[in-house]
Amino acid sequence: MILPIYAYGQPVLKQVAKDIEPDYPNLPELIVDMWETMYNASGVGLAAPQVGLSIRLFVIDTIQIKDEDKKAEGIKRVFINAHKVEEKGEPWAYEEGCLSIPEVRGDVDRPPTLRLRWLDENFQTQEETFIGVNARVIQHEYDHIDGVLFVEHLKPVKKRLVRRKLEDIRKGKVKAEYKLKFIGK
Ligand code: NI
């Protein structure tokens, strides 16, 4: 089932999400719905707060990204209860966007290497180091489960440039190819 995506301004996007237990209600169905919702919106990642749930769950599929400079093979994964172990390296700029913030894109600096610990969909503990675009997409989704949006990382000049657009989105004045759920609606 395709779920509505919570738009910029929704309080759930600013909450630090909680770890979940294996008996979380309807988790397999939720994961299926998140994949369907992400692909329907042509996204490469989707975090549970974006469908209104303040839990530490996100999905990513970077296999879809066709980038000649890609440093690693694309991955398709479910991340539950993810926690950063380490980030390192000289931060690099990459243009990010977000399904909750349509029509806004901008360069964000993040470290190139990420070591992450998480549970897979079978609640098995995983730990791995990610680089390049894989690390980037995970860092963006990880921010969502910590209540952080990529626009908060933009440089001050760019932040001023997108301020009006963000206010429009908050008020529901934006069009997208997928269903958005605006605050108060
Ligand atoms: Ni996002």
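This is a predicted model: local features need pLDDT of at least 70, side-chain atom pairs count only at pLDDT 80 or more; totals for chains, interfaces and linings use all residues.
Biologist: What makes Cys98, His140 and His144 protein donors of the nickel ion?

Modeller: Cys98 (SG), His140 (NE2) and His144 (NE2) lie 2.1 to 2.3 Å from the nickel ion. The cut-off for N, O and S atoms is 2.8 Å, so these atoms are called donors. Along the chain the donors follow the spacing C-x41-H-x3-H.

Biologist: Why is Cys98 called buried?

Modeller: Cys98 has a relative accessible area of 9%. Buried means under 20%, and Cys98 therefore qualifies.

Biologist: Is His140 to be called buried or exposed, and what value decides the matter?

Modeller: His140 has a relative accessible area of 7%. This value is also under 20%, so His140 is buried.

Biologist: How do you know that strand E7 and strand E8 pair?

Modeller: Seven bridges join E7 (residues 113-119) to E8 (residues 125-131). Pairing requires at least two bridges, so the two strands count as paired. They run antiparallel, and Trp118 stands opposite Gln126 in E8. E7 and E8 form a hairpin with five residues between them. In the turn, Phe123 has a positive phi of about 60°.

Biologist: Which residues are the closest to the centre of the largest pocket, and how much space lies in this pocket?

Modeller: The largest pocket holds about 410 Å³ of space. It is lined by 23 residues, of which Val44, Glu96, Gly97, Cys98 and Arg105 are the closest to its centre.

Biologist: Which element gives the most to the lining of the largest pocket?

Modeller: H2 gives the most, with five residues. E5 and H2 each supply at least two residues of that lining.

Biologist: How does the lining of the largest pocket divide into nonpolar, polar and charged residues?

Modeller: Ten residues are nonpolar, seven polar and six charged.

Biologist: What is known of the second largest pocket?

Modeller: About 200 Å³ of space lies in it. Its lining comprises 14 residues, and Tyr8, Val151, Glu152, Leu166 and Arg170 are the closest to its centre. The lining of the second largest pocket divides into six nonpolar, two polar and six charged residues. Glu and Arg count as charged, so Glu152 and Arg170 are among the charged residues.

Key: Residues are numbered from 1 along each chain as its sequence is written. Side-chain values use heavy atoms; hydrogens and water are left out. Donors are N, O and S atoms within 2.8 Å of the metal (3.2 Å for Na, K and Ca); water is not among the atoms, so sites may look incomplete. Buried means under 20% relative accessible area, exposed over 50%, partly exposed in between (1.4 Å probe, protein chains only). Helices (H or I, at least four residues) and strands (E, at least two) are DSSP runs, numbered from the N terminus. On a 1 Å grid over the protein atoms alone, a cavity is a set of points where a 1.4 Å probe fits but cannot get out, and a pocket is an open set with protein on both sides within 12 Å along at least five of seven lines; lining residues have an atom within 4 Å of a point. Grid points are joined across faces, edges and corners, and a volume is the space filled by probe spheres set on the points.
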